[in-house]
Amino acid sequence: MSDTFPENSVGLVTPEVVHFDDPLELACGRTLHNYQLMVETYGELNSEKSNAILICHALSGNHHAAGYHSVDDKKPGWWENHIGPGKPFDTNQFFIVCPNNLGGCHGSTGPSSINPDTGKPWGVDFPPLRARDWVQSQAKLADRLGIQQWAAVAGGSLGGMQAMRWALEYPDRIRHAIVIASAMKLSAQNIAFNEIARNAIKSDPDFRDGHFLESNTLPRNGLALARMIGHVTYLSDELMGNKFGRELRSGSFQQGQDTPIEFQVESYLRHQGDAFSSNFDANTYLLMTKALDYFDLAREYGNDPVKAFGHALCDFLVVSFSTDWRFAPERSQETVKALIDANKNVSYAAIDSNLGHDAFLLPNERYEHILTAYMSRVASTADHSEQRAASMEGSL
Amino acid sequence: MSIRTDLDIIQQWIAPKSRVLDLACGDGTLLKNLKQHKQVESYGLEIDPDKITHAIANGVNVVETNLDQGLSQFPDNSFDVVVMTQALQVMRYPHLVLEEMLRIGKECIVTFPNFGNWRARTSLLLHGRMPVTKQLAYQWYDTPNIHFCTVNDFEALCDEQKIRLIHKEFVAERIPDKQIKGIWPNLFSDTAIYLLSK
């Protein structure tokens, strides 16, 4: 336990619930008549409201991107490495907003919320969501905060997809899109992994066809298994080799001994699965993986990513990691190619890392340098709009 | 005169608002200048991590790319000008890179250190050692420069590949090279600069 937080942390943070009573029309054709988003913010919004950054979380993330919820908190937010005073997303310069996505299970309206029509938890009846629904709800959040235009929208993986969707849906409301370890659409292999994870959940008898909350059960085993599958695909072979190798946690291969054998990696995976299954909602997991599968940036632009990006007005930073095989560097390179062919401003860094897909969450010197360099550009455009605003005020 | 006089000359050859691709763009100095003075739309390709970081901070579009793996991602004639400054000699296959540049760009600008300069020749002749110059301060066994050529070598290659030479300029920093480089560029220039097309 520590009374003080690291100097470069935003420290103690308190999430806030933001209610919306205006209906949200969803891509699936259904409407949410009211909803709430759980939101964390760090730093100060400047008087011109030109320094706001939206952070979009990935599959299993939430609004808690940085800082600590209490002095006893052992773990900070999921992007603590990159958000804080003096860090790439510098809270001394930027006002950073991170909501829990709609459909999530950490305070925003989702499958574990009560359906006002039935008085029972939504469960599997919660409307299916797409990235564009999140983007729309984030735009409403921006309206509520008085932010006309984000200085940048940033995210990794599924978060990067939201940043790209932002660039197409609200081109005049975003100056920079930071797209990390992401893709314009998932590959068949990726969808297959998600389907295995969904099947793991659905085949747990405690899933009860998605109405487990009403039955006071939790499909813990299924969710843990889903997480174990996902987790393996987020790591690299090299990393697992270095971290666990063939080390045994218990038992022995000595001849004449018949003790049960457990590899370290087995124990690690079981721990990951168990920890996840106790704080994540199975229906949210289904919803998020489907949103990932359905995402196809260029679908309604004649399947032409160049035409799709033709609608964007912002600048782009694209980042990939060498051992990421879920969102391989090739996927990022496809995004970059489409952006260049569409004549958009884009920079791309292919970071060497042995950490697999999870690298986007973890410390890496070069990754930090790239983000810091790019954010200095974002800051300069935030300053310019301050100057523009100032000169406009002067002329009035 | 700055060390990169070649960059000043290149700027004069690029029309305002051109679409420019800079191969091995380094820290983005050329593109930053072209953006400011010629309002070009531009992308730089670079492989060195530190240079990429600097280029990003310089506000230019930089795309991490290994040029030796080809440029097939760029369509034919998709750029007005493709530039490569002082990097031909580090390429694995300079002639193929040149071919690719001319496929992607309507025009190409290439600059390279002239190994036919009398100082390089003298070093080899008198000392029997591979030249190590201020501009190219590497030992033979540890140098990124694996394909040196002279002005004459380059023009022979262009002739062989039926590449049209639109303009050429030669740069020399020192006396007497500076004064007489025009008479015998292959002997007196440090750097050669070419504007090429198919």
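Here are legends for a handful of close-up views of this predicted model.

In this predicted model, local features need pLDDT of at least 70 and side-chain atom pairs count only at pLDDT 80 or more, while totals for chains, interfaces and linings use all residues. Residues are numbered from 1 along each chain as its sequence is written, chains are lettered from A and ligands numbered from 1 in the order in which they are written, and side-chain values use heavy atoms, with hydrogens and water left out.

**View 1. Where chain A meets chain B.**
Here 21 residues of chain A are in contact with 18 residues of chain B (contact means heavy atoms within 4.5 Å). About 1600 Å² is buried between the two chains, and carbon and sulfur atoms give 51% of that. Buried area here is the accessible area (1.4 Å probe) that two parts lose on being put together, summed over both. Look for the 1 salt bridge across this interface: it pairs E64(B) with R366(A), with the closest N and O atoms 2.7 Å apart. To count as a salt bridge, a side-chain nitrogen of Lys or Arg has to sit within 4 Å of a carboxyl oxygen of Asp or Glu.

**View 2. The side of chain A that touches chain B.**
Between chain A and chain B there are 15 residue pairs in polar contact, both residues at pLDDT 80 or more. A polar contact is a pair of N or O atoms within 3.5 Å; within protein, one must be able to donate a hydrogen and the other to accept it, and residues adjacent in sequence count only if both atoms are side-chain atoms. On chain A, the elements giving two or more residues to this side are α9 (329–341), β16 (346–351) and α10 (365–395). Helices (H or I, at least four residues) and strands (E, at least two) are DSSP runs, numbered from the N terminus. The largest share, 7 residues, comes from α10(A). Sorted by class, this side of chain A has 11 nonpolar, 5 polar and 5 charged residues.

**View 3. Two domains of chain A.**
Chain A splits into domain 1 (1–185 + 296–396) and domain 2 (187–294), with bounds that come from an automatic or database domain assignment. Taken over C-alpha atoms, the domain centres are 27 Å apart. The contact between them takes 36 residues from domain 1 and 34 residues from domain 2. About 3000 Å² is buried between these domains, 61% of it from carbon and sulfur atoms.

**View 4. The salt bridge between the domains.**
The count between domain 1 and domain 2 of chain A is 1 salt bridge. The side chains of E214(A) and K120(A) meet in a salt bridge, at 4.0 Å from N to O.

**View 5. N100(A) in its loop.**
N100(A) sits in the loop between β8 (95–99) and β9 (114–115) of chain A. Is N100(A) buried or exposed? N100(A) counts as buried, at 1% relative accessibility; buried means under 20% relative accessible area, exposed over 50%, and partly exposed in between (1.4 Å probe, protein chains only). The side chain of N100(A) makes a polar contact of 3.3 Å with the side chain of H57(A). Leaving aside residues up to four places away in sequence, N100(A) touches several others, including L37(A), M38(A), C105(A) and H106(A).

**View 6. D293(A) and its partners.**
D293(A) belongs to helix α7 (residues 282–294) of chain A and counts as buried at 11% relative accessibility. Its side chain makes a polar contact of 2.7 Å with the side chain of N194(A). Another polar contact, also 2.7 Å, joins the side chains of D293(A) and R198(A).

**View 7. Salt bridges within chain A.**
E80(A) and K87(A) form a salt bridge, with the closest N and O atoms 3.6 Å apart. E80(A) is buried at 10% relative accessibility, and K87(A) is buried too, at 12%. Now find D341(A) and K337(A), whose side chains meet in a salt bridge at 2.8 Å, N to O. Because these two are 4 residues apart in helix α9 of chain A, about one helical turn separates them. D341(A) is partly exposed at 27% relative accessibility, and K337(A) is partly exposed at 32%. Elsewhere, salt bridges that share partners join R132(A), E169(A) and E300(A) into one network.

Notes. Nonpolar A, V, L, I, M, F, W, Y, C, P; charged D, E, K, R; others polar.
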